[in-house]
Amino acid sequence: NLYKLNIYYLKFLTPSLKQRTNLSIFVYDQTAASKCYGYDEHGVMVAAADEDTLWDGGNACGKRYRVKCLRGTNKGVEVPCKAGRTVTVKIVDLCPSGCRGNIDLSAEAFKHIADPDEGKIVISLEEYAQRYILIVFFPPTQMRILNG
């Protein structure tokens, strides 16, 4: 007899132990083709990595980072960070030359954690690892209960 197997993949993100303090600016332009995915859409919580610290020859593409605003970089905004907020972004591009931070956040991602009028913030950056679980369901006639 042939039986249909039900196979499911569960995908989830878990924090890695890599955490660092970096600078972020809010200038990432999502209208141009990205170095990672061309014109493919990847949502609004995206970012561009700088070549010196995160890009790693393109290996940064698709990586996800949890970003938290720590403080502003100028005196123009009294409370630049939104208390306790974090945002998870996906790297979809390389910062253009002259990148002024380690990661350029999309406008939506920046607004989620900081006042856009601040423009440049000091952040904590935590890389997330993508993990998969494979679950296979066998038909009931093939299942056995093992008693130890």
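Me: How many disulfides does a search of the whole structure find?

Reply: A disulfide is a pair of cysteine sulfur atoms within 2.5 Å. Here, searching the whole structure turns up 2 disulfides. Keep in mind that this is a predicted model, where local features need pLDDT of at least 70 and side-chain atom pairs count only at pLDDT 80 or more, while totals for chains, interfaces and linings use all residues. Residues are numbered from 1 along each chain as its sequence is written, and side-chain values use heavy atoms, with hydrogens and water left out.

Me: Which cysteine is joined to Cys36, and what parts does the pair tie together?

Reply: Cys36 is bonded to Cys61, with an S to S distance of 2.0 Å. Strands are DSSP runs (E, at least two residues), numbered from the N terminus. Cys36 sits in the loop between β1 (6-25) and β2 (46-49), and Cys61 in the loop between β2 and β3 (64-72), so the bond ties together parts 25 residues apart in sequence. The S-S torsion of Cys36 and Cys61 is about -80°, so this disulfide is left-handed.

Me: Is Cys36 buried or exposed?

Reply: Buried means under 20% relative accessible area, exposed over 50%, and partly exposed in between (1.4 Å probe, protein chains only). Cys36 is buried at 18%, whereas Cys61 is partly exposed at 26%.

Me: What about Cys69 and Cys81?

Reply: Those two form a disulfide as well, their sulfur atoms 1.9 Å apart. The torsion about the S-S bond of Cys69 and Cys81 is about -60°, so the disulfide is left-handed. Cys69 is in strand β3 and Cys81 in the loop between β3 and β4 (86-94), 12 residues apart. Both Cys69 and Cys81 are buried.

Technical notes:
Helix = DSSP H or I, 4+ residues; strand = E, 2+ residues; numbered from the N terminus.
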